[in-house]
Amino acid sequence: MRIVKSLIALLFLLITLSGCDKELAPNIDGSKTAEKITLLDEEYGKDLLQKVDIHLPANRNTQKTKVLILIHGGAWLQGNKEEMNPLVEALQPHLGSDYAIVNMNYRLVNPLVPRYMIPTQPEDVGNVVDYIEKYADVLGVKPQFVMMGFSAGAHLAMYYSYKHDDKDRVKAVVNIVGPNDLTDATYSNEPLFSLGMRFIAKSKDIPSGYSAEEYASPITWVELHPKPTITFGGETDHLVPVLQHFKLADKLSSLHVYNEIYLYESGHMFFEKVDEAFKDVVSKTAKFLKQM
């Protein structure tokens with residue numbers, strides 16, 4: 001009986017280990033670089049939320065085709081990559097074979113687990129960067145990245161790029177109404193953001209000398225890895241105060257880092273509510289990316 005139990009335990013261990021070693025590789029024929037290819041819901045991790053859509057342009061190659069990563073918003077605790085599809089469709093004709101577009105989901109803040117914004121969400125951005133870099137040759141892309149996010153997704157785009165890009169793989173940031181200074185009382189007092197703000201990080205994950213809000217603010221880390229940044233904001237945005245965008249622009253300018261800022265006569269969702277504003281964001285983003 002003891003031998004049987006040992007064999008069962010060994011079999012269970014082997015099954016578990018084989019599951020852990022499963023290769024999460026993109027499902028693609030790497031020889032078809034002349035074709036435009038879309039890969040939906042590719043897994044970059046074991047969690048159900050760790051999936052990406054990979055949009056590969058025709059005539060791509062590993063010497064020139066860089067990667068634009070899109071990060072959706074949703075106050076860190078909701079949202080989905082499908083919300084960024086209009087940007088994917090609008091940007092593709094402008095970018096041609098210069099950029100592949102990777103539209104990512106990430107593990108959301110969950111008060112029930114609980115799951116916190118930090119370190120989980122910046123880790124997922126890094127996981128996607130690692131995943132694309134690992135399979136760059138198969139995908140036919142150059143492992144050089146631009147981060148583009150909306151709202152909370154823009155916060156993550158900035159946070160990862162300014163704080164965690166130790167290998168200098170991120171060359172620029174596109175910030176659409178992203179919060180960059182979470183110490184602003186607007187966020188903790190705003191119903192949409194307030195729950196996510198209560199789950200920034202466990203106290204043990206915050207180094208001494210920082211509040212959770214300060215530690216999670218992109219503006220805190222911009223000097224560490226400053227990146228060329230283009231910012232889009234709404235002049236009457238009640239979620240992300242317009243002064244935040246100027247604060248970031250001033251900081252980047254003081255570091256002699258190229259940056260652009262554009263404001264529109266609307267609120268937080270300006271580019272969804274005003275067709276001309278959406279077209280302008282796409283046009284200016286495409287022009288910005290051509291310079292990177």
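## Charges over rings

The charged end of Lys-163 lies over the ring of Trp-221, 4.7 Å from the ring centre. A charge sits over a ring when NZ of Lys or CZ of Arg is within 6 Å of the ring centre and within 35 degrees of the ring normal. Lys-284 has its charged end over the ring of Tyr-262, with 4.9 Å to the centre.

This is a predicted model, in which local features need pLDDT of at least 70 and side-chain atom pairs count only at pLDDT 80 or more, while totals for chains, interfaces and linings use all residues. Residues are numbered from 1 along each chain as its sequence is written, and side-chain values use heavy atoms, with hydrogens and water left out.

## Aromatic pairs

The structure holds 10 aromatic pairs. Rings of Phe, Tyr and Trp (its six-membered ring) pair if their centres lie within 6.5 Å; planes under 30 degrees apart count as stacked, over 60 as edge-to-face and the rest as tilted. Phe-232 and Tyr-262 are stacked because their ring centres are 5.8 Å apart and their planes are at 25 degrees. Phe-232 belongs to strand E7 (residues 229-234) and Tyr-262 to strand E8 (residues 259-264), so this pair ties together parts that are 30 residues apart in sequence. Helices (H or I, at least four residues) and strands (E, at least two) are DSSP runs, numbered from the N terminus. Phe-232 is buried, at 0% relative accessible area, whereas Tyr-262 is partly exposed at 24%. Here buried means under 20% relative accessible area, exposed over 50%, and partly exposed in between (1.4 Å probe, protein chains only).

Tyr-258 and Phe-288 make another stacked pair, 6.4 Å centre to centre with 15 degrees between the planes. Tyr-258 is in the loop between helix H10 (242-254) and E8, and Phe-288 is in helix H12 (residues 275-290), so the pair links distant parts of the chain, 30 residues apart. Tyr-258 is partly exposed at 40% relative accessibility, and Phe-288 is buried at 0%. Elsewhere, one aromatic cluster is formed by Trp-76, Tyr-187 and Phe-193.

## Nonpolar cores

A nonpolar core is a set of buried Ala, Val, Leu, Ile, Met, Phe, Trp, Tyr and Cys residues joined through side-chain atoms within 4.5 Å. The largest has 59 residues, and Ile-69 and Ile-132 have the most contacts inside it. Helix H5 (residues 152-164) supplies the largest share of this core, seven residues. Contact means heavy atoms within 4.5 Å.

A second, separate core of 29 residues includes Leu-87, Ile-101, Ala-172 and Val-281.

## Helix H5

Of the 13 residues of H5, 12 are buried, so the helix is largely enclosed by the rest of the structure. Among them are Ala-152, His-155, Tyr-160 and Lys-163.

His-55 is placed in strand E2 (residues 51-56) and is buried, with 10% relative accessible area. Its contacts, not counting residues up to four places away in sequence, are Ile-37, Thr-38, Val-88, Gln-92, Ala-100 and Ile-101.

Pro-86 is in helix H2 (residues 85-95) and is partly exposed at 42% relative accessibility. Pro-86 and Glu-272 are 186 residues apart in sequence, yet 9.5 Å apart in space, C-alpha to C-alpha.
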